[in-house]
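Subject: The model, and what turned up in it

Hi,

Here is the structure I promised to pass on. Could you open it next to this email and follow along as you read?

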Amino acid sequence: MAATNIAAHAGHLANVFAQYPVEVAHGEGVWLHARDGRKILDFYGGHAVAGLGYAHPRWLAALERQARQMAFQTNALPMLIRERAAAKLAKFAALGLETVFWLNSGAEANENALKLAFKITGRAKAVALEQSFHGRTAAAGAVTWGARQKWYGFPRTPFDVGFTPRDDAAALERNIDRDTAAVIVEPVQGVGGAYPLGKPMLQALRQRCDDVGAILIFDEVQCGVGRSGSPFAANFYAVTPDMVTAAKALGNGFPVSALLLSDRIAAQLKYDDMGTTFGGGPMACAIAEAVIDTIESESLLANVRQVSNYIRSSCIVGPITGVQGLGFLLGLKTSRPAKEVQAALLDKNILAGTSADPNILRLLPAYIMNEGHVDLLSDALAKIPA
């Protein structure tokens with residue numbers, strides 16, 4: 001469909017998304033093919049979703065195989081694929097969080113994690129970090145920094161919320177107390193600018209939650225499932241929360257998310273504490289299993305670490321003054337507005353992202369990205385005025 005036809009039919013879609021000036025026709029590997037014939041190198045990865053890139057043969061095979069066998073079945077009927085995928089995810093995570101609840105999206109996983117924390121503790125307050133993003137549902141939006149001023153929409157939040165600075169461990173004692181049911185954090189903030197909290201801050205959060213009896217939730221929707229170069233950022237920092245949420249790269253484009261629970265949390269579950277229609281669907285579980293199999297069998301964690309280091313060493317050129325983040329959730333610090341750098345890169349057929357920080361260009365590439373692709377990015381950046 002030509003761009004003019006898209007414009008002609010645009011009235012049928014809700015006008016709520018700012019969109020880049022390129023229409024994608026199909027993707028292959030780390031490349032996007034536009035309808036105007038352009039071939040675009042994708043460092044944005046569908047907003048951290050396309051961890052395996054596009055049209056990966058293992059992903060396609062798992063999708064087709066499970067679709068032919070059974071596309072969907074209610075959770076009221078047990079299926080081996082659900083348990084097998086849960087065991088695969090728990091083993092991959094290697095965090096001692098052995099119970100998995102399958103859902104559909106990152107926001108839904110965070111919503112259920114928060115609900116469990118309130119139910120188990122009987123308390124009324126949640127604490128999140130400044131610059132956080134946890135989703136657009138009622139509870140997840142309530143713990144998202146700035147949501148109430150920008151887009152939240154609900155007349156009130158479903159519980160009390162406090163925010164604490166992301167770089168001030170001393171403030172935790174003041175902001176997290178015995179009224180706090182849950183503390184939810186992204187170990188590496190995504191929308192907040194690919195900002196790594198770092199091990200000392202995460203350790204301080206763990207200790208403070210232990211001191212006051214609050215439940216610690218790691219939102220690894222964006223930084224998890226290999227994006228950090230470890231199974232989860234929790235592994236990299238050696239800090240174990242009570243719950244971890246995962247989504248995005250877990251399905252490589254197929255809607256699936258998961259909530260991983262510690263034994264202490266899982267032991268308190270009762271029937272009907274959580275529920276879902278599409279969560280745990282056999283296609284979603286088959287895809288999650290295939291994604292983890294592929295990450296492991298193709299040594300993609302090692303590739304993420306190697307190529308991430310290469311980005312750090314080769315891309316401080318042109319308007320880039322530094323790099324922050326972890327693995328393939330990186331923020332390139334820009335000397336001019338990141339949106340300008342992003343637009344200049346797109347003119348050179350490279351797609352990158354931005355963030356809430358106006359001087360951070362965010363990179364969320366597929367785990368199959370190699371150093372040759374990074375050279376293309378570095379060469380393009382070198383041609384952009386600082």
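Let me begin with a term: a nonpolar core is a set of buried Ala, Val, Leu, Ile, Met, Phe, Trp, Tyr and Cys residues joined through side-chain atoms within 4.5 Å. Buried stands for under 20% relative accessible area, exposed for over 50%, and partly exposed for what lies in between, with a 1.4 Å probe and protein chains only. Please keep in mind that this is a predicted model, in which local features need pLDDT of at least 70 and side-chain atom pairs count only at pLDDT 80 or more, while totals for chains, interfaces and linings use all residues. Residues are numbered from 1 along each chain as its sequence is written, and side-chain values use heavy atoms, with hydrogens and water left out.

The cores

Which residues have the most contacts inside the largest nonpolar core? They are Trp-102, Leu-205, Phe-232, Leu-250 and Leu-345, in a core of 93 residues. Helix 12 (residues 282-297) gives the most to this core, with nine residues. Helices here are DSSP runs of H or I with at least four residues, strands are runs of E with at least two, and both are numbered from the N terminus. Another core lies apart from this one and has 29 residues, including Ala-113, Leu-114, Ala-117 and Ala-182.

Leu-345 is worth a click. Leaving aside neighbours within four places in sequence, Leu-345 is in contact (heavy atoms within 4.5 Å) with Ile-350, Ala-352, Leu-361, Leu-377, Ala-380, Leu-381 and Ile-384.

Next, a sheet with a helix on it. Three strands form an open, antiparallel sheet in the order 13-14-16; two strands pair if DSSP finds at least two bridges between them. Strand 13 (320-326) and strand 16 (360-363) each have a single partner strand, so one side of each is left without a neighbour in the sheet. On average, neighbouring strands of this sheet are turned by 25° against each other, direction ignored. Axes are lines fitted to C-alpha atoms, for helices over the stretch in contact, and angles run from 0 to 180 degrees between N-to-C directions.

Strand 13 and strand 14 (residues 329-334) are joined by six bridges, and Gln-324 has Gly-331 in strand 14 as its bridge partner. Helix 14 (residues 338-347) packs on the sheet, where it touches strand 14 and strand 16, and its direction makes about 50° with that of strand 16. Strand 14 is joined to strand 16 by four bridges, again antiparallel, with Lys-333 partnered by Ile-360 in strand 16. Which way do the residues of strand 16 point? Ile-360 and Arg-362 point one way and Leu-361 and Leu-363 the other, and all are buried.

Helix 4 against helix 12

Two packed helices are described by the angle between their axes and the distance between the axes. For helix 4 (residues 80-93) and helix 12, the axes come within 9 Å and cross at roughly 35°. From helix 4, the residues in contact include Ile-81, Arg-84, Leu-89 and Phe-92, and from helix 12 they include Cys-285, Glu-289, Ile-292 and Glu-296.

Some single residues

His-12 sits in the loop between helix 1 (3-9) and strand 1 (24-28), and counts as exposed because its relative accessibility is 71%. Is His-56 buried or exposed? His-56 counts as buried, at 8% relative accessibility; this residue lies in the loop between helix 2 (45-48) and helix 3 (57-69). Not counting residues up to four places away in sequence, His-56 touches Thr-294 and Glu-298.

Ala-194 is found in the loop between strand 8 (188-189) and strand 9 (195-196) and is buried, with a relative accessible area of 0%. Asp-272 lies in the loop between helix 11 (263-266) and helix 12 and counts as exposed, at 75% relative accessibility.
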